[in-house]
Each structure stands twice: as structure tokens, then as C-alpha cells.
Amino acid sequence: MLGVCYPDVFKGGIYIIGCNYYREMTAPNTGGKVWHRGYAPPPADILAQAKKSVSHVLLTGETDGNREQSKIYYEQGFKKDGFQHVTYIEVPGMGHQAPNAEWFEK
């Protein structure tokens, strides 16, 4: 949230094993379940700056319960909404825990 709402302060963020997004999205294969927005979007000029100049990394585990939501937020949120510097990393075999140092290096 901070990387999107305060691009003048934060030049990047690593969102580990889950994150929030500023707009609602429908969860796939759930019969219409919705992931509600986690925060209000910033003003248009601030959002434009976050899309252009902030690096966002969504890191999750292959067996993390938040994996699907993180991937959808990456594909249907950050990428679709035009964030220029966004990366999705899925750690094989990792569940809902912090990754080891090797993955922080990546």
C-alpha cells in the first residue's frame, strides 16, 4: 500500500506472501467471490507516479494460501493497470512464510 500511495517516499516494495490492492477483483473459480479493495487509491497524479517510478515485487510461495490472490493482483491489477516496474516471484515448495536469503537476492 505504501509503495502505491507514497511514491515520493518509497521507491520500491517487496510484498511477501500476500498484499492488498486498491480496487476490487473477482476471485476465479469461486462462483463470484470478491476480493475487496484493501485501501483507497491515491489521487490520480500520485498513482501515475507510482505506476511509472516505483518498483513492486510480489513474492509468494507455491503452496501459500495467498498465492492465487497475489498472482491475480499481479496480472489483473498491477500489470493490467499499467505499473511499469512490477515482478511476480513464486518460490517452489514454499508455503506461508518468509523466503530464505537466496530469494531476497533475486
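The model is predicted, so local features are given only where pLDDT is at least 70 and side-chain atom pairs only at pLDDT 80 or more, whereas totals for chains, interfaces and linings use all residues. Residues are numbered from 1 along each chain as its sequence is written, and side-chain values use heavy atoms, with hydrogens and water left out.

**Overall fold**

- The protein chain holds 4 helices and 5 strands, which follow the pattern α-β-β-β-α-β-α-β-α along the sequence; helices (H or I, at least four residues) and strands (E, at least two) are DSSP runs numbered from the N terminus.
- The radius of gyration is 14 Å, close to the 13 Å of the globule rule for 106 residues, so the chain is as compact as a globular protein of that length; the radius is taken over C-alpha atoms, and the rule is 2.2 Å times the number of residues to the power 0.38.
- Buried residues account for 40% of the 106 residues, where buried means under 20% relative accessible area, exposed over 50%, and partly exposed in between (1.4 Å probe, protein chains only).
- Of the contacts (heavy atoms within 4.5 Å) between residues at least 6 apart in sequence, 71% join residues at least 24 apart.

**Helix α3**

- Helix α3 (residues 67-79) has a kink of about 30° centred on Y73, the bend at a residue being the angle between axes fitted to the seven residues ending there and the seven starting there.
- The buried residues of α3, among them I72, Y73 and F78, pack against α1 (2-5), β1 (12-16), β2 (25-26), β3 (34-35), β4 (55-61) and β5 (86-91).

**Salt bridges**

- The count comes to 2 salt bridges, each defined as a side-chain nitrogen of Lys or Arg within 4 Å of a carboxyl oxygen of Asp or Glu.
- R23 and D81 meet in one of them at 3.0 Å, N to O; R23 lies in the loop between β1 and β2 and D81 in the loop between α3 and β5, so the pair ties together parts 58 residues apart in sequence.
- R23 is partly exposed at 26% relative accessibility, whereas D81 is buried at 17%.
- E90 forms a salt bridge with R67, the closest N and O atoms being 3.8 Å apart, and this pair links strand β5 to helix α3 across 23 residues.

**Surface patch**

- L2, Y6, V9 and F10 make a nonpolar surface patch of about 380 Å²; Y6 lies in the loop between α1 and β1 and is partly exposed, with a relative accessible area of 44%.
- Patches are made of residues with over 30% relative accessible area and no salt bridge, like charges being joined within 9 Å and nonpolar side chains (Val, Leu, Ile, Met, Phe, Trp, Tyr) within 5 Å; accessible areas come from the Shrake-Rupley method with a 1.4 Å probe, and for residues only the protein chains shown count as cover.
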